[in-house]
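Subject: Structure for your files, with findings

Dear colleague,

Please find below the structure that I am handing over to you.

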Amino acid sequence: AFNDMFSKMLKNDWVLLFSTLLLMAIGLVVLYSISVAMPQDGGLSIFWRQIIFAAVGIAAMIFFSLTNYQIFKLRSSLIYFATLAALVLVLVFGTTIRGTSGWIDFGFFNVQLVEVAKLSMIIFLASFISQKKMELGETGRLVASIILCGIMIILVVKQPDFGSAMVLVGIWLGMTIISGVSAKKMAIIALAGVIIAVLGWFQLRPYQKDRIFSLVKFGVVDPQGSGYNVIQSIIAVGSGGFSGKGIGHGSQSQLNFLPEKHTDFIFASIAEELGLLGSFFVIGLYGIIFYRIRKIALSAPDNFGYLIVVGIMCMLLVQILENIGMNIGIMPVAGIPLPLLSYGGSSLVVVLASIGILNNIYSKKETIIQQE
C-alpha cells in the first residue's frame, strides 16, 4: 500500500507543487514579519496559526492527490445540496466577522464556508455540464446551470459577501464559456448581467457603494473613511521601490497604517518589504502555476476532469486579479484573499485541496496515451 501511494505521488506535477509551496513559504515569511508588529491577545500569533493551517492544507492536498477525482462525479449532487444546506445554516447560526455572517465558530478556529462553496460549485458544475450536455441541449443546460448556481450565489450575497459572490459568478461564467455556448446566448447573458448589476446597485450597503466611488475617484471621496484602505495600500506598494525595504522594515505594515495587512492587503505588504522584484517574483510564480494548470487541462483524460481544471483556474484567476487590483487601486475593495499568501485557514486549505485534485487529474494523463 505504501509503495502504491509512493508511486502515485511520483506522478504529481512537481513544477506546480514546488511553485505552490514556494508561494506559501513567501506568505509565511511576510506573515511572520507582520505578526511581530501586531498586538498579541495571549493566543497563537497569526504566523503560528497559518503554520497549522498550512499543515492541514498540505495533508488535504496529499489526500486529494491520492483520491480518484471520478468519485466527485458520483457524489456531485450530494456535495451541491450539502453545500446549500450549510450556506443556509450559516445565515442563521453563523458568526459575524468584519460584517459578514459567513463563518462557523468551532471554538479554536473559524471556518468560512464560502471557500468550500467555491470548490463545491466547480465539482457540481463540471459534473452537471459533462453529464447533461447531450440530454438538455445548450439552452436547457444554460438555464438549469443559471438557476442551480444562482441559488448558491444568492445565499452568499445574503451573508453579505459580494466579493466571494463575484468569484462564484466568475467560476460559472468561465466554465460555461469553455463548455461551448453560442455567441448569441453569451450576448444575452452579458445583457442580463448588466441589468442584474444595475438592480444589484440598489441592494448595496452605503459602505459598499463608497468603495466603488472611491475606486472611480481614486480614493479621494473620503481619505479618512472609504478611501483610506486603498490610499494606504498604494503608499505601501509605491514605497517599496525596486528591491523593497526588507522583511520587517515596512513602515506602512509595521506601524499599522495599512489595514488588513495580513489578509486583504498582503500584496501591499509584500510590495513594501520585497519591492518590485518581490512583487514580480510572486506574479511570476502565479504565472507558472497557471501555465501548469493549462497543461493539466490539455492532458485531462475526460471532460469532467477538464472542466474541474478550468473551474479551479477561474477561481484562482478571479481572486488574484481582484486582490492585486484592489491593492494597487484599480479594483474595488471586496475582501477577497490572495491565494496561498493571505492569512486564513479556510482559503489556504481549499486552495491546497484544489492543487491536490489537479495533481490527481494530472496523474491520470497516462490514460490518454494508453487509449491512443
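The notes below go through the findings by topic.

**Overall picture**

Please bear in mind that this is a predicted model. The chain has 372 residues, of which 48% are buried. Its secondary structure amounts to 15 helices and three strands. Of the contacts between residues at least 6 apart in sequence, 72% join residues at least 24 apart.

The three strands make an open sheet with the order 1-2-3 and antiparallel pairing. Strand 1 (95-97) and strand 3 (110-112) are the edge strands; each has a single partner, so one side of each is left without a neighbour in the sheet. From one strand to the next, the twist averages 50°. Helix 5 (residues 76-93) packs on this sheet and touches strand 1 and strand 2, its direction making about 100° with that of strand 2.

The pairing of strand 1 with strand 2 (residues 100-105) is antiparallel and runs over two bridges. Within it, Thr95 stands opposite Trp103 of strand 2.

**Aromatic pairs**

A pair of aromatic rings is described by the distance of the centres and the angle of the planes. The count for this model is nine aromatic pairs. In one of them, the ring centres of Phe63 and Phe64 are 5.2 Å apart and the planes stand at 80°, so the pair is edge-to-face. Phe64 also pairs with Phe72, at 5.9 Å centre to centre and with 40° between the planes, which is a tilted arrangement. Both Phe64 and Phe72 are buried. Elsewhere, ring pairs link Tyr80, Phe81, Phe124 and Phe128 into a cluster.

**Cavities and pockets**

Three cavities of 30 Å³ or more are present in the structure. Helix 6 (113-157) and helix 7 (162-180) are the elements that give two or more residues to the lining of the cavity. Helix 6 provides the largest share of that lining, with six residues.

The second largest pocket holds about 350 Å³ of space. Its lining consists of 21 residues, and those nearest the centre are Val116, Ser346, Val349, Val350 and Ala353. At least two lining residues come from each of helix 3 (46-66), strand 3, helix 6 and helix 14 (345-363). Helix 14 gives the most to the lining of this pocket, namely six residues.

Asn323 is found in helix 13 (residues 303-327). With a relative accessible area of 0%, Asn323 is buried. Apart from neighbours within four places in sequence, Asn323 is in contact with Thr263, Asp264, Phe267, Ile336, Pro337, Leu338 and Ser342.

Ser279 lies in helix 12 (residues 266-299). Its relative accessible area is 6%, so Ser279 falls among the buried residues. Once neighbours within four places in sequence are set aside, the contacts of Ser279 are Phe267 and Ala271.

**Backbone details**

Most residues other than glycine have a negative phi, and most peptide bonds are trans.

- The peptide bond from Gln159 to Pro160 is cis, with omega near -10°. Pro160 lies in the loop between helix 6 and helix 7.
- Glu260 is not a glycine, yet has a positive phi of about 45°. Glu260 sits in the loop between helix 11 (251-254) and helix 12. Its relative accessibility is 28%, so Glu260 counts as partly exposed.
- Leu340, likewise not a glycine, has a positive phi of about 75°. Leu340 belongs to the loop between helix 13 and helix 14. At 5% relative accessibility, Leu340 counts as buried.

With kind regards

Terms used
Residues numbered from 1 in each chain as written. Predicted model: local features only at pLDDT ≥ 70, side-chain atom pairs only at ≥ 80, totals over all residues. Heavy atoms only, no water. Pairing = 2+ DSSP bridges. Helix = DSSP H or I, 4+ residues; strand = E, 2+ residues; numbered from the N terminus. Axes fitted to C-alpha atoms, helices over the stretch in contact; angles between N-to-C directions. Contact = heavy atoms within 4.5 Å. Phe/Tyr/Trp six-rings, centres within 6.5 Å; stacked < 30°, edge-to-face > 60°. Buried < 20%, exposed > 50% of the residue type's maximum accessible area, 1.4 Å probe, protein only. 1 Å grid on protein atoms, 1.4 Å probe; cavity = no way out; pocket = protein on both sides within 12 Å on 5 of 7 lines; lining within 4 Å. Points joined across faces, edges and corners; volume = space filled by probe spheres on them.
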